[in-house]
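Colleague: I have the model open now and would like to go through it with you. Could we start with the whole chain and then pick out some elements?

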Amino acid sequence: MASLAPLMNQPHAAFRANLSLQRCRRLSLCSLLPPSSFSFSCSRPFSSSATSRIFTVAPNLLFRCFVLSRFYPVSGGESIFKAGNLRSSHHQLVRHATATAAEIQVDQVPTSEKTSKGRVYHETYGCQMNINDMEIVLSIMKNAGYEEIVSDPENAELIFINTCAIRDNAEQKVWQRLNYFWFLKREWKSNVATGRSQSKHPPKIVVLGCMAERLKDKILDADKMVDVVCGPDAYRDLPRLLEAVDYGQKGINTLLSLEETYADISPVRIASNSVTAFVSIMRGCDNMCSFCIVPFTRGRERSRPVESIIREVGELWQQGVKEVMLLGQNVNSYNDASGVQDVVPGSNWQLSEGFSSMCKVKTMGLRFSDLLDQLSTEFPEMRFRYTSPHPKDFPDDLLFIMRERYNICKSIHLPAQTGSTSVLERMRRGYTREAYLDLVHKIRDIIPDVGISSDFICDP
């Protein structure tokens, strides 16, 4: 019976049980029921001669807890059933009855009997990580019953907007879109009447990503236009947050995690026919550059296990994907320590020559070069790129792997941010102008045909 608890605690759970009852039996479901009430229905009347019956338990109505006791036949083939007690004339018999096992067989309700909870519309602003996060969200919502994705917000019952907090221009676009979505929600009846909207009920508006993490409940309080605010590490909680809104509660979760990588979730690809795809291999940032908000909106660095990445890339290969972009806030800081034991903290963690790190590595596991080695060997016909790296994490073995493997693209994005050593120091970047240029020369010496791009922050 304890194994039924996870099923019974689902908000829209339904199951069918085949009960084989012998003599006088008593089956209590009180301890399994969630706070919401349940209804009980029987496919056909009980009788004393029946050895098995099918019943269905579904949420809402009638009983919060009940006891199935022996069923006594009465005229017309009906049975006596009461919540908690039988008729007083049978109390002594039930009290002294010896219970035996009741065999319970649980079957999931057929997919054809499931009803969709609504259609989903989504928009994404910002970096490639946000695009990959949106694919993770779509997978979570699909498992929660939101399977249909539409291309127009006017046709959706659930609107997601995945946000960026790095650039002000992206935030301004988000506020503009939120105002339009609020109009669809506020004027839903008139929009349906005029044919502008085809949604079945006023849409719920959900803000995701870095802007949600930065502003938190300020977004919820902005003219009440938003229903749910969810940070990058809380996407698994989205179904619960949406249900909480139905009961008049605030739908917000912006807690950051030290462990969440969504490694067990297979993303729903937005561009299903594309030959390229994004795969997130790590999340967060430990560098604490003075100009950057990422550590405060994405949390600390944590890496996915190598096995989960190989599994996801294998699934993409089966779907016809030919090129994978490996993603991370500091993708080449990848460090899978999930299978490492008895290692001296930070031992042998090599940085680029002349570079320093603001955060020391606690335990060294498989590094980015190890991951590229395994991926390029396991999938020799697939091409691999990566973004966005930090200049401090380009040890020689990574450069040699890139040179030796033909399916690792000879392209490196090397953010400099500025060409002034004094400004780099105030930025807390951990290197000088000279160290950066020396790294560029080393990369070109080891990989002669490499393409190098960069980022610079300039005064307006």
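Colleague: Of the contacts in the protein chain with a separation of 6 or more, what share comes from residues 24 or more positions apart?
Modeller: This is a predicted model, and in it residues 24 or more positions apart account for 72% of those contacts. The chain has 14 helices and 21 strands, and buried residues make up 47% of its 460 residues.

Colleague: Switching to helix H11, which of its residues are buried?
Modeller: In H11, which spans residues 368-378, the buried ones are Phe-368, Ser-369, Leu-371, Leu-372, Leu-375 and Ser-376. Seen down the helix axis they fall within an arc of 155°, so they line one face of H11, while Thr-377 and Glu-378 on the other side are exposed.

Colleague: And what covers those buried residues of H11?
Modeller: The cover includes helices H10 (306-318) and H12 (396-404), together with strands S16 (323-327), S18 (366-367) and S19 (383-387).

Colleague: Then let's look at S16: how many of its residues are buried?
Modeller: Five of the five are buried, so S16 is largely enclosed by the rest of the structure. In a regular strand the side chains alternate between the two faces of the sheet. Here Glu-323, Met-325 and Leu-327 are buried on one side, and Val-324 and Leu-326 are buried on the other.

Colleague: Which strands are joined to S16 by bridges?
Modeller: Strand S13 (residues 276-280) runs parallel to S16 and is joined to it by five bridges, with Ser-280 standing opposite Leu-327. S19 also runs parallel to S16, again with five bridges, and there Val-324 stands opposite Phe-384.

Notes. Residues are numbered from 1 along each chain as its sequence is written. This is a predicted model: local features need pLDDT of at least 70, side-chain atom pairs count only at pLDDT 80 or more; totals for chains, interfaces and linings use all residues. Side-chain values use heavy atoms; hydrogens and water are left out. Buried means under 20% relative accessible area, exposed over 50%, partly exposed in between (1.4 Å probe, protein chains only). Helices (H or I, at least four residues) and strands (E, at least two) are DSSP runs, numbered from the N terminus. The arc is that of the directions from the helix axis to the C-beta atoms. Contact means heavy atoms within 4.5 Å. Two strands pair if DSSP finds at least two bridges between them.
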